[in-house]
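Subject: Structure for your review

Dear colleague,

Please find below the structure that I would like to hand over to you. My findings follow directly after it.

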Amino acid sequence: MRFKATPAEIKGMIKSGQAVSGDIFFDYCVPENKMSRPDDPLEGVSLENECRELGITLVFMDRTMDPIKKGQRREISEAIVAIVDNDQSGKDRIELAEKSICAQLSLVRMGFSTGGRPPYGSYRALVRVDGEFVRELEEGEVLRRHGHHVVWLPGPESKLAVIREILEKVEHTPAGRVARYLNEKGVPAPDAGRIRKDLGVTHLVTGTWNANTIKNIATNPLLRAVTSYGKRSMGDLRRMTPEGPRLLEENDYRPDGEPKVIRNDEGQLVTGTARFEPLITAEKAERIASILKKRAGSQRDKPRSQEPEKNPLGARIFDANCGWPMYREPYLNSFRYVCAKYHQTKPRKCDHNCADGITAAKLALAVIRQKLLPPGMRSRLESKLREGIAAATRSEKADGEVVVRQSELAELRLQMTRAERNAAPAESAEMFQGIQRIHGELKLREQQLQRDLATLQVQSNSLANPDATIQAALALVERLPSLANDPDSLESIGELFCIVNAELFLNFHKVQKRKRIENKVLSGIFTLGDAPSPIVKYKGPTGRRALQQIADYQCKNPESLSPSGSVFQTDSGRKAKSSGNGNRAGGI
Ligand SMILES: [Zn+2]
């Protein structure tokens, strides 16, 4: 093999970390003897083959692979070695991922640092396993010494003074105002002048305080001498739980299938006791945390906006597997519906069943168009309506009763006239009183009949003008095509669904994909009007707080377990509010 590069050139590349120069290519990220560490060993082998077919010679630590001609058969032994090597490197990665999670868990529990930069007001120090201080570490200094660990210790004093001032103020002053105060006082903000990369953009961190820096400092568990780990989870092979590494789940992936960084629940946080005296008491820390939480009004429990134009199938789409409604959530540049039971319960009591929002809305729209709006539908509908109304009028009780009451009233009035006529020539006082009594009774009956007739006539009048009724119904029907023909107006589609009372019930099943199991829509039922629901809909509360109360209650009273949860009333009898439906104001 011949390189054009000189040894000096190669040395220079290594020194400067340069990856490509002329025909030399260095992959610094692969320290071992494989080109890649794919999860699938065959993928690694085919990558090697592709390179070799391009005429590239691969030089590993332990062997050299010459270029191969396209279509040339590989030695079987070579292929087997390649697969085994690549398989082993995949296993190595998993082992490494698991080991590092276990190591971090035990480090944090012993109060040592799990890596990263120390928070504001603390510095890194090298200590022995027994905690004995060895020396302060320089920023970015990497040091590995057997029987030693890194800890975060409070300091320097100038920053601790700022922290104390923040803790003093933040209890009765909004964080934003505390930030302004520090800025005006000219106190250097954390990370001021540091270069950071956010969303792939390198930028200089501004030297100003803001509400978030204040909040982060005020709620830092390290102030209570508590080390913590597991605020976020990342990595593509294993992720941490307090019990150890776990496999990745649906929620750990981005829509494009790439693993994403997720923020864990507070319950997932693993803590240990740091190796210094706490700067504040647990009570004060708790008080500050609750004050800040109260002020912010937890975003999580904030009512979501109920904008129909953003949620056309709101409360009209259901997960038929569990009977729960599906909630809208922003997704990519659009939105999707996710099973509310999955969404709102922890541990998850249903699967990550979800359906694309636009697809679901357009499907429902297509069904309505097909069923309700075919050509000639309007005239057919009109004649149907006329028939229906005529039948309704004929059978209309009110009409018949009006007739009955009217004749009764006429008869009554006749009797009363007769009674009056007879009263005059009454032969005795008794007879007169008798007639008077009858007249009184007739009078009462007359009043009753008049009241009845007034009510009946109002009822009858509503159908007295069948044309108006039909026109109103047809006007509604005429709006349907215009509502349905604007597929981009989710608002009018939502209105349409509301008019025809559309409901969508989706069945999901599990599909084994290469990397994970996905929950896919298997089938669905679409109902219109007053058609009965094909499933038993979940009718219980869906708010997180209410669900938690049910869980607590059932925990204490196991005999109360009810499938719908409806036996349980929350918030002293008030209807449990659903806080999860719709999107938060400001979202997509
Ligand atoms: Zn479900």
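The axes of helix α2 (residues 41–53) and helix α3 (residues 76–109) come within 8 Å and cross at roughly 125°. Please note that this is a predicted model. Angles from 65 to 115 degrees count as roughly perpendicular and those over 145 as roughly antiparallel; α2 and α3 are therefore oblique to each other. Their crossing is right-handed. On the side of α2, the contact is formed by Pro 41, Leu 42, Gly 44, Val 45 and Glu 48, and α3 contributes Ala 82, Ile 83, Asn 86, Asp 87 and Gly 90. Sorted by class, this contact has five nonpolar, three polar and two charged residues.

In soluble globular proteins, nonpolar side chains tend to be buried together. The largest nonpolar core here has 32 residues, and those that touch the most other members are Leu 313, Met 326, Tyr 337, Ala 360, Ala 364 and Leu 504. Helix α9 (residues 357–372) supplies the largest share of this core, with five residues. Another core, of 15 residues, lies apart from it and includes Leu 107, Leu 223, Met 240 and Ala 274.

Finally, where is Gly 529 placed? Gly 529 sits in the loop between β21 (517–527) and α15 (544–556). Gly 529 has 10 other C-beta atoms within 10 Å, and a residue with 12 or fewer counts as exposed, so Gly 529 is exposed. Leaving aside residues up to four places away in sequence, Gly 529 touches Val 500 and Asn 501. The C-alpha atoms of Gly 529 and Ala 502 are separated by 6.6 Å, although these residues are 27 residues apart along the chain.

Yours sincerely

How values were computed. Residues are numbered from 1 along each chain as its sequence is written. This is a predicted model: local features need pLDDT of at least 70, side-chain atom pairs count only at pLDDT 80 or more; totals for chains, interfaces and linings use all residues. Axes are lines fitted to C-alpha atoms, for helices over the stretch in contact, and angles run from 0 to 180 degrees between N-to-C directions. Helices (H or I, at least four residues) and strands (E, at least two) are DSSP runs, numbered from the N terminus. Angles under 35 degrees count as roughly parallel, over 145 as roughly antiparallel, 65 to 115 as roughly perpendicular and the rest as oblique. A crossing is left-handed if the near helix is turned anticlockwise from the far one by less than a right angle, and right-handed if clockwise. Two residues are in contact if their C-beta atoms, placed from the backbone, lie within 7 Å. Ala, Val, Leu, Ile, Met, Phe, Trp, Tyr, Cys and Pro count as nonpolar, Asp, Glu, Lys and Arg as charged, and the others, Gly among them, as polar. A residue is buried if 20 or more other C-beta atoms lie within 10 Å of its own, exposed if 12 or fewer, and partly exposed in between; C-beta atoms are placed from the backbone. A nonpolar core is a set of buried Ala, Val, Leu, Ile, Met, Phe, Trp, Tyr and Cys residues joined through C-beta atoms within 7 Å.
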